Amino acid sequence: MSVWNPDNIKDVAESIGIASPNDDVLQGLSSDIEYRLSQVLEESLKFMRHSKRATLSTQDVAQALRVLDVEPLYGYESTRPLRFGEASIGPGQPIFYVEDEEIDFEKLINAPLPKVPREITLTAHFLAVDGNQPTIPHNPTVADSRNQELVPKGPGANPHSTAINGADNITVKPLVKHLLSKELQLYFSNACSAVFDENTDEYRAAALTSIRTDPGLHQLIPYFVQFIAEKVTHNLKNLFVLTQTLQLTSALLDNKNLYLDPYVSSLIPPVLTCLIGRHLGSSATPLSSFSLRNTAATLLGSICKKYAKSSHTLKPRLARTCLKHFLDPTKPLATNYGGIIGLQAVGGIEAVRVLILPNVKDYETLLREPLEDEGSSKQAEAEAVLTALVSALQTLEDDTFGLRNDVQNGEKANQTRQLQEKVGTILAERVLQMGRPRFVKALLEAS
């Protein structure tokens with residue numbers, strides 16, 4: 001005998017218009033319903049056990065129906081408890097039903113309309129670039145209030161500007177925690193101390209060689225970049241520290257295992273400071289900083305040669321900066337010297353032809369007075385600047401072919417006049433003293 005009551009099937013049949021169904025049909029349907037219910041319950045219990053629960057839920061039943069390819073039930077996956085009411089249609093025949101919530105139409109009509117949902121769109125963005133999360137609306141961020149607490153405020157917000165003003169005790173709390181292994185921390189500490197060891201050349205050479213060849217320094221790149229910027233900012237009067245800082249930068253750039261493209265914009269300011277800084281080293285020996293500026297120019301040229309393809313605006317921006325400091329009359333001669341050698345290193349022969357040669361005649365007015373001051377430090381600086389100009393212009397001679405290295409009778413006076421009109425009296429005199437007619441012709445024919 002079936003557990004399912006055939007009378008329930010008979011009631012359903014009469015409700016859809018089937019009158020007086022056969023008893024054998026009712027018995028067969030009762031057996032089939034019992035089998036289907038037991039199958040659904042068994043699948044539901046499987047979902048319950050796999051979910052590590054001891055209570056069967058409506059969600060388990062819905063998943064079982066989905067597995068059995070049966071249309072699931074609707075309307076019973078609510079988190080609110082269901083309220084059942086009881087209605088009696090006769091003695092011993094109660095009917096249970098779900099009570100509907102009474103809704104006040106006045107409140108429903110006066111309630112504000114919900115917001116119109118946005119259309120679903122897809123967009124691509126960078127979640128992180130080299131470990132740094134871009135500040136764009138698409139990325140998840142920490143609470144705004146927490147971020148505002150971590151951001152440094154007040155006059156000491158920028159540690160580099162405060163260091164220039166003499167406030168070295170400013171500490172900045174980082175926004176993002178970056179965890180390093182103890183081995184990397186120890187390596188970074190020992191490498192930095194060895195690079196700036198004034199007593200032992202072997203330690204410095206070993207440290208720079210390790211940085212130049214070690215393939216496992218990717219996590220230390222931002223720390224080295226920040227360390228270089230701080231060293232240059234805090235030691236503008238110490239030429240040894242500045243020189244070693246450039247050596248450290250060069251070692252990082254020479255390491256073929258490191259990807260430094262995102263950090264080039266942070267490495268260039270310290271190098272530019274060593275190239276065109278106003279006051280570097282001791283004021284008692286002004287020419288001592290010129291060797292530092294030569295090293296910075298060489299390093300800047302190698303940076304342009306290596307990363308100009310990945311950043312198309314790198315060369316124009318550096319050339320514009322060097323040209324500005326070359327022609328600025330308010331800058332000291334040492335800064336003008338850095339601008340000249342910087343232009344030559346960044347732009348090569350083309351920068352000399354287009355940017356330096358057309359401006360040397362106007363720049364001559366800045367050299368005339370220091371050159372006439374016999375025995376002063378200004379005269380030594382002016383001589384160094386004049387030598388740098390001649391050295392830069394000599395690259396134009398190397399770029400010429402087919403010019404004779406002699407001069408015909410009657411041409412010397414004409415060439416002297418033309419050269420003075422083009423490059424000025426002082427520079428023309430220095431070029432003519434070299435006795436190289438092909439160099440003179442290269443200057444006159446350069447446009």
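Tutor: Gladly! In this predicted model, 34% of the 447 residues count as buried. The protein has 19 helices and two strands.

Student: What share of the contacts with a separation of 6 or more joins residues 24 or more positions apart?

Tutor: Here we take the contacts in the protein with a separation of 6 or more and ask how many of them link residues 24 or more positions apart. That share is 62%.

Student: How many cavities of 30 Å³ or more does a search of the whole structure find, and how much space lies in the largest?

Tutor: Nice one to check. The search of the whole structure finds one cavity of 30 Å³ or more. The space in the largest cavity is about 40 Å³.

Student: Which helix gives the largest share of the lining of that cavity?

Tutor: The lining consists of Val360, Glu364, Leu367, Leu386, Leu389, Val423, Ile426 and Leu427. Helices H15 (360-372), H16 (377-398) and H18 (425-433) each supply at least two of the lining residues. The largest share, three residues, comes from H15.

Student: How many charged residues does the lining of the largest cavity have?

Tutor: Sorted by class, the lining has seven nonpolar residues and no polar ones. Glutamate counts as charged, and Glu364 is in the lining. The number of charged residues is one.

Student: Which residues of H18 are buried?

Tutor: H18 spans 425-433, and just after this helix glycine 435 takes a positive phi of about 65°. Two residues of the cavity lining, Ile426 and Leu427, are also on the buried list for H18.

Student: Does lysine 315 count as buried, partly exposed or exposed, and why?

Tutor: Lysine 315 lies in helix H13 (residues 314-327). Beyond residues up to four places away in sequence, lysine 315 touches Cys304, Ala308 and Val346. Buried means under 20% relative accessible area and exposed means over 50%. Because its relative accessibility is 37%, lysine 315 counts as partly exposed.

Definitions and conventions:
Residues are numbered from 1 along each chain as its sequence is written. This is a predicted model: local features need pLDDT of at least 70, side-chain atom pairs count only at pLDDT 80 or more; totals for chains, interfaces and linings use all residues. Side-chain values use heavy atoms; hydrogens and water are left out. On a 1 Å grid over the protein atoms alone, a cavity is a set of points where a 1.4 Å probe fits but cannot get out, and a pocket is an open set with protein on both sides within 12 Å along at least five of seven lines; lining residues have an atom within 4 Å of a point. Grid points are joined across faces, edges and corners, and a volume is the space filled by probe spheres set on the points. Helices (H or I, at least four residues) and strands (E, at least two) are DSSP runs, numbered from the N terminus. Buried means under 20% relative accessible area, exposed over 50%, partly exposed in between (1.4 Å probe, protein chains only). Contact means heavy atoms within 4.5 Å.
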